[in-house]
Amino acid sequence: MENRSEHLLEAYFANSLNASEAEELNTLLKTDPKLAVEFRFQQQIARTVKEQSLRSGIANADWAKATIPPATEVTGTAIKRNMWARYLYAAAAMITLLVLARVYIPGGNNGQLIAEQTAPYPNKMTFKSLGGTNQPVPPEVIEAFSLYDQGKYPEAAQALGSVVSAYPDNIDYRFYWGVSLVHAQQYPGAIKALEPISQSQNDFKTASYYYLGLAYAGNKEMDQAKSLLQRYLDATDGVSFRKQAKKVLEGL
Amino acid sequence: MNGNHNELEAFRKNPNHVVSGIYQTCRPKFIGWGKDATRISVHDLADIFQNAVIIMVLNLESGRLSELIGTLCTYLFGIGKNLVQAFRRKQGRIGLPGDEAFPLTRETDAGIEDAMITAETDAQLWSKVDALGEPGRSLIILTYKEGLNSQEIAEVMGYSSPEVVRQLRKRCLDKIRKS
């Protein structure tokens, strides 16, 4: 197999393909049957090892046993011991509350569902990639995307809002602004940001259905939300967040 | 014999004691670092740390870890940081046909040859991977489950270069195919 193909396969399984490499691999898979077979073979291995553990590779039984972590609950800075009973009571109380909320408040736990199913969208701006555009990129844009990359979505939403005001014709900036607003749970703003993209022919059009669907769901406009999430699931150009979109749709 | 060598010796004599100490002192440090430096949840960081401990033991068992430059905790941080990188990449991955999130269509299906491969059940395939033994088995898991690239695998498993890892993986895949 060509080195290039091997590189692309390795990058695929290491989840480090950028958008243009993904497109290149996709094209090669359609034109090179040998590569397609190899790809499927490795994909099947990936599926097979998904449930397997590294630990069973340790031959010394005592050493393997030693790697089992102590029965403790992990917290950010400390480990609390023997807290299971308290956690069980707390969990039972929480479940009861959630059930009651579900019964008495229609759509009461949608906020949590939406937040949990809001997947981060990778930064695909060309200035981020190595060998990307030579065009100078204003520092405020770099700064805004840096906040986005760090997952500081409320700050990114504010910074990208200013960027969109300064560059209203750049629809890519608008998309990332909308995604940041969804993550920051500022749903009315997200709808305003993303609506024009869903009606455009931009590359982010399909992805915008998903985020716009989440924004409408967060804004309790359920018919719109359902319609957009379904449109996302029906898209033929490949969707990355199928599982999340399905979960939200089922929960509405 | 220096203090670092003592840690390895102590593990060989009383693995439970040493690992229990690692979980008590090193894991909170790792989780504290991870919380500040990444957006990964505490429980995912705990899982990552546990994998780092297992890899450390695999390396000790294979003889690839025979000498420590720093402490065991520093060594675990080195492994853990590579696992964290791979974990973060998983969250922003780009899908291709055949992914769970991107089912095959008529256009992207490779056809009959593909069907012959998928006819092999996962259990049969896993028994072939398992039969590779170490280090092939771990290398396959780190590549296809944990999503580490060759450079990262070389670092965590103690190989001299990513090229060595690629050659080893190629031999493993050939063996699975032929068995």
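At what angle do H3(A) and helix H6 (residues 122–131) of chain B pack, and how far apart are their axes? Before selecting them, note that this is a predicted model, in which local features need pLDDT of at least 70 and side-chain atom pairs count only at pLDDT 80 or more, while totals for chains, interfaces and linings use all residues. Residues are numbered from 1 along each chain as its sequence is written, and chains are lettered from A and ligands numbered from 1 in the order in which they are written.

**First stop: the helix pair**

Select H3(A) and H6(B), which pack at an angle of about 90° with their axes 9 Å apart; axes here are lines fitted to C-alpha atoms, for helices over the stretch in contact, and angles run from 0 to 180 degrees between N-to-C directions. The two helices, H3(A) and H6(B), are therefore roughly perpendicular to each other, a label used for angles of 65 to 115 degrees. Now show the residues that make the contact: A:Gln44, A:Ile45, A:Arg47, A:Thr48 and A:Val49 from H3(A), and B:Asp122, B:Leu125, B:Trp126 and B:Val129 from H6(B). Contact means that C-beta atoms, placed from the backbone, lie within 7 Å.

Colour chain B by secondary structure to see nine helices and zero strands, where helices (H or I, at least four residues) and strands (E, at least two) are DSSP runs numbered from the N terminus. Of the 179 residues in chain B, 36% are buried, that is, they have 20 or more other C-beta atoms within 10 Å of their own.

**Last stop: the cores**

Finally, look for the largest nonpolar core, where B:Ala52, B:Val53 and B:Leu76 touch the most other members among its 57 residues; such a core is a set of buried Ala, Val, Leu, Ile, Met, Phe, Trp, Tyr and Cys residues joined through C-beta atoms within 7 Å. Helix H3 (residues 42–62) of chain B gives the most to this core, with 11 residues. Centre the view on B:Leu76, which touches B:Ile22, B:Cys26, B:Phe30, B:Ala52, B:Val53 and B:Met56, not counting residues up to four places away in sequence.

Technical notes: A residue is buried if 20 or more other C-beta atoms lie within 10 Å of its own, exposed if 12 or fewer, and partly exposed in between; C-beta atoms are placed from the backbone. Angles under 35 degrees count as roughly parallel, over 145 as roughly antiparallel, 65 to 115 as roughly perpendicular and the rest as oblique. Two residues are in contact if their C-beta atoms, placed from the backbone, lie within 7 Å.
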